[in-house]
Amino acid sequence: MQVLHVIGSPKGDASASTRVAGAFLDQYCRENPEDSVTTLDVWTADLPEYDGELAAAKLAPLIGEPLTPAQVAAWDRVLGVIETFANHSKIVISTPMWNFALPYKLKHYIDLLVQPGVTFGLNDEFEHVGLLEDRPVQLILTRSSAFADESPDDFQLRYLIHILGFMGLHDVNSLVFEGTTLPSAEREEFLDRCCEQSRLAAADF
Ligand SMILES: Cc1cc2nc3c(=O)[nH]c(=O)nc-3n(C[C@H](O)[C@H](O)[C@H](O)COP(=O)(O)O)c2cc1C
């Protein structure tokens, strides 16, 4: 198995979500030594900008327009991003909540993945269908505040489940850690507990 770890926090070693995901993946690798993990940090990855060429390239086939050379070049880069994602048999996404939703770089990455005819399409009834083969996805999410289950204010977990399902990924599990903004001594203890909980969950991935 090849596991892709998508890192949504820009904070490096100081990141709660990356640290907890690290504990999850360390344990996973101990239990599955033949598997490999690739890391994709959306803050340092060379992702194509979602500029006008790309926006036009996305919609051109839907209105029967040919792509210009610039649009073809932009589209090829997007296909490369999707190929890397699709070539991994398991996905881990770790991210903080930002303003009830996702950090914009992670949203950027998702915008690149969600493409008509590649990761989603329409069936004969003109309903959307996901085109990615389903595979296990583990979400590891952190945030300062606490949200009730299925809270309409939570655009982090709800959005990720929605957009992954839109592309055909329904085998999604989540570990959500709330109340992460703490004085440093308390934070260490808290994060140790989160890491422990993550390690236990790795057995089910
Ligand atoms: C720009 C920004 C926006 C944030 N917005 C929210 C928010 O809407 N709700 C919340 O509960 N926490 C919010 N937080 C707090 C983070 O989600 C929280 O500190 C998280 O644990 C950070 O994870 P990280 O250390 O992996 O980056 C925000 C933090 C930042 C930097």
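In this predicted model, the ligand is surrounded by 17 residues. Ser17, Pro96, Thr142, Ser145 and Thr180 are the closest of them. Two elements, α1 (16-31) and β6 (137-143), each give two or more residues to this shell.

**Ligand shell**

- With three residues, α1 supplies the largest share of the shell around the ligand.
- Sorted by class, the shell holds 10 polar residues, five nonpolar ones and two charged ones.

**The sheet**

- Five strands form an open sheet with parallel pairing, and their order is β2-β1-β3-β6-β7.
- At the edges sit β2 (36-41) and β7 (172-178), each of which pairs on one side only.
- On average, neighbouring strands of this sheet are turned by 15° against each other, with direction ignored.

**The β6 and β7 pair**

- β6 and β7 run parallel and are joined by seven bridges.
- In this part of the sheet, valine 137 stands opposite valine 172 in β7.
- Besides pairing with β7, β6 is one of the elements that give two or more residues to the ligand shell.

**Helix against sheet**

- α1 lies across β1 (2-7), β2, β3 (90-96), β6 and β7.
- Relative to β3, α1 runs at about 155°.
- The helix that lies across these strands, α1, is also the element with the largest share of the shell around the ligand.

Notes. Residues are numbered from 1 along each chain as its sequence is written. This is a predicted model: local features need pLDDT of at least 70, side-chain atom pairs count only at pLDDT 80 or more; totals for chains, interfaces and linings use all residues. A residue is near a molecule or strand if its C-beta atom, placed from the backbone, lies within 6 Å of it. Helices (H or I, at least four residues) and strands (E, at least two) are DSSP runs, numbered from the N terminus. Ala, Val, Leu, Ile, Met, Phe, Trp, Tyr, Cys and Pro count as nonpolar, Asp, Glu, Lys and Arg as charged, and the others, Gly among them, as polar. Two strands pair if DSSP finds at least two bridges between them. Axes are lines fitted to C-alpha atoms, for helices over the stretch in contact, and angles run from 0 to 180 degrees between N-to-C directions. Two residues are in contact if their C-beta atoms, placed from the backbone, lie within 7 Å.
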